Structures are given as structure tokens and as C-alpha cells.
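Subject: Structure for your review

Dear colleague,

Please find below the structure that I am handing over to you.

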Amino acid sequence: MKNTLLGKTLEELQGICLDLKLPKFAGKQIADWIYLKGVSDINSMTNLSLNARQTLSENFEVGLIPPVEEHHSDDGTSKYLYKYHDNVFVETVMIPDKSRVTLCVSTQVGCKMGCEFCATGKQGFNRNLNAGEIINLVRTLPEFEDLNNIVYMGMGEPFDNYKEVVKSIEILTSDWGFAMSPRRITVSTSGIIPQMIDFIYETQCHLAISMHNPFHKERQEIMPIEKKYPIEDVCDEIRKHNWYGQRRVSFEYIVFKGKNNTYDHAKEISYLLRGIETRVNLIRYHSTPDTALEGASDEEIQRFQEELEGFGLITTIRASKGEDILAACGLLSTKKIMEENRE
Ligand code: SF4
């Protein structure tokens, strides 16, 4: 397998050109071809000399890989499944909402975090995606031209693959890359504190924290990461930073039936979030195989929202989209792995 150009920064592309005895400025031309124009073949880079194209082709390929499956929901949501070179499956979900087109990208194949409610967590961990494989999910999206929002909330814990995630963000936000505003990008974490701090200083993107329960003991039962990085410490760290400008931090909260939506939960959430300019996004649960957890009803979610608002918190209830095409994190790839194992 040849090395890929996709996923390289401008500096790396310039370095490649110099190594191959090509002019340094060809690095910028290559970046334009792969990121701006989306060509899949080095021979299409017509402003490079024939010799440059030949030399490049001997050593590299672009590395664009289209999805192998797509599923479209009645509500407009689309899910795309990719198969990478080592036969691993990776997925993305595209969610249109009025003028907003959001893509939810994955960062790992499987995940180490083992959250009880998550199909990806149940797969275990296979490997990290590199920046090129993450960028491929964006560039090959059929709706790429309309895309204006990216959330790192698919398979995997982004801060467990920090270097490649931040590199992919550099490509998305640089002038020589996709020139997206970092305010159009949100990275979600279960709360790995050291990388979360680096992320706050090193990028300008929004941050989303998966809370799902404010109580240490209860959260441990559904999110093992709580043992190492308690949600209280995560919130204490968040409180040290400024979230009053354009940059946002939000808290994700899946509402489970009979588990995490009492008055006491609402009160504890308001305590943890004291002094933080934020919002709590309440999420309806799509049930996954192999867990006894169930989603709360719409009425229960609304009642919990009122409790939270009674404590002065800003909340939203996330519209449930794509349920009919397994849009929840990791479900489609889990199904695919199970199918292949049966064959
Ligand atoms: S919810 Fe996120 S962090 Fe938890 S197991 Fe699933 S992918 Fe990993």
C-alpha cells in the first residue's frame, strides 16, 4: 500500500516535494487539488509537470476512499459506511437541519472507553484512524458542498486519538485546507482531562462533554472513565476557562428510563455546572443491543428539562433523527461486523 497524500499538512506536503526533488511550491498546488478540488488521482493535478506527477505517483496515492454503503432515512439523515484497507468498518452520519448540514465523524475503529450504553464501546478497541482517514470521511461525503458543520461524535473517543484529531482539525480550518471556521466544529469527549486541557489551548473549536449522570457512583456504572477522571474534576477544569465569547462548551445528557432524571440529578447537575456559561443537551436514547438501559419517554424528558430549567440551566432536547437507519454511534458498523462474522 502506498502512502497517502490525504491527511498531510501543507508543511508535510512541501517536505514531500523537497524529498522528491520537486519545487516546494508544488506542495501548495497538491493541497489545492486534494482538499479544495477533491481529485482522487494524481494524474488529474494538471498544473504539476508530467515528471512531477510521475514521481509523485511512484511513491504516493491520493487516498480518497468512497463509502461502501449508504442508508437514507425518511427524515433526511444519511448514514455512510466505509471499509478501510485492513477490512475495518467506519461510519459517519449526515444530518440536515434547515440551512445547516452537519456531519458526525468517527475517530477510532471501536473504542476503549466501554460506555455501557454505546454500541461502539461494546465492539472493544481495534485501532485509531489517522488524520487522512478522518479527512476522507469529510471529503467523500456526497453532500460535501453543502456541509457547514462537523461534530466529532461518531465512533471512538477523540481525545484518545488526540494527535490525529488535532491534525485533522488543522486541515479542516487552514486556508490551504478546507478553510472552515473552528466555530463550525465541535469535539465531544467523555472527559479525558489532560487532552481536554490541551485542546482548549491548542484549538478554537467548540467542546461537548458527555455527562449522562452527575453522581460519581452512578456515572461509573455506565462510564468507566469516571473512575479515572470524575465528572466533578472535568467541570472544575472547564470552570477555569472563558466560555463567554463565541466559543461554546456544552454538556450532553442521554436520558435513561428510571436512571438519571430525578429532581436530585437535576440539582446535582446545576451544582456541577455552577459558574459555567453552558447548555445541557438532553438526548433521546436509541436502544443498542446487549444493554438493559432503555430510553426515557418524551414526557419524562420534558419533565426533566423543566427540573433543570427550574435550577436556571439552559437546555435543549435534541431532535431524534435517523433512528430507522441506526444513526446512533457505532450501530451500523456493529451490524456489519456481525454480518461478516456470520459469513
Ligand atoms: S460513547 Fe463515545 S467514549 Fe463511550 S464507548 Fe461510545 S464511542 Fe467510546
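Which residue of E4 does Glu 70 stand opposite? Glu 70 stands opposite Tyr 80 in E4. Please bear in mind throughout that this is a predicted model.

Overall form

The secondary structure of the protein amounts to 13 helices and 14 strands. Along the principal axes, the C-alpha trace spans about 70 × 50 × 40 Å. The radius of gyration is 21 Å, which agrees with the value near 20 Å that a compact globule of 343 residues would have.

The two domains

The domain assignment gives domain 1 as residues 3-61 and domain 2 as residues 69-342. Their centres, taken over C-alpha atoms, are 34 Å apart. Where they meet, nine residues of domain 1 are in contact with 13 residues of domain 2. Helix H2 (residues 26-37) supplies three residues, the largest share of the side of domain 1 that touches domain 2. By class, that side of domain 1 has four nonpolar residues, four polar residues and one charged residue.

The sheet

Ten strands form an open sheet of mixed pairing, in the order E3-E4-E5-E6-E9-E10-E11-E12-E13-E14. Strand E3 (69-72) and strand E14 (315-317) are the edge strands, and each pairs on one side only. Neighbouring strands of this sheet are turned by 20° against each other on average, with direction ignored.

Strand E3 runs antiparallel to strand E4 (residues 78-83), and four bridges join them. These two strands form a hairpin with five residues between them, and Gly 76 in the turn has a positive phi of about 100°.

E4 is in turn joined to E5 by six bridges, again in the antiparallel sense. Lys 79 stands opposite Val 93 in E5. E4 and E5 also form a hairpin with five residues between them; here Asn 87 lies in the turn, with a positive phi of about 65°.

Strand E5 (residues 89-97) continues to strand E6 (residues 100-104) through five bridges, and the two run antiparallel. Ile 95 is placed opposite Thr 102 in E6. The hairpin of E5 and E6 has two residues between the strands, and Lys 98 in its turn has a positive phi of about 50°.

What is the sense of the pairing between E6 and strand E9, parallel or antiparallel? E6 and strand E9 (residues 149-152) pair in the parallel sense, over three bridges. Within this pair, Leu 103 stands opposite Ile 150 in E9. Further along the sheet, strand E11 (residues 206-210) and strand E12 (residues 249-255) run parallel and are joined by four bridges. Ala 208 has Ser 250 as its bridge partner in E12.

The ligand shell

How many residues surround the ligand? There are twelve, and the closest are Cys 111, Met 113, Cys 115, Cys 118 and Gly 121. By class, the shell around the ligand has six nonpolar residues, five polar residues and one charged residue.

With kind regards

Note on methods. Residues numbered from 1 in each chain as written. Predicted model: local features only at pLDDT ≥ 70, side-chain atom pairs only at ≥ 80, totals over all residues. Near = placed C-beta within 6 Å. Nonpolar A, V, L, I, M, F, W, Y, C, P; charged D, E, K, R; others polar. Domains from an automatic or database assignment. Contact = placed C-beta atoms within 7 Å. Pairing = 2+ DSSP bridges. Axes fitted to C-alpha atoms, helices over the stretch in contact; angles between N-to-C directions. Rg over C-alpha atoms; globule rule 2.2 N^0.38 Å.
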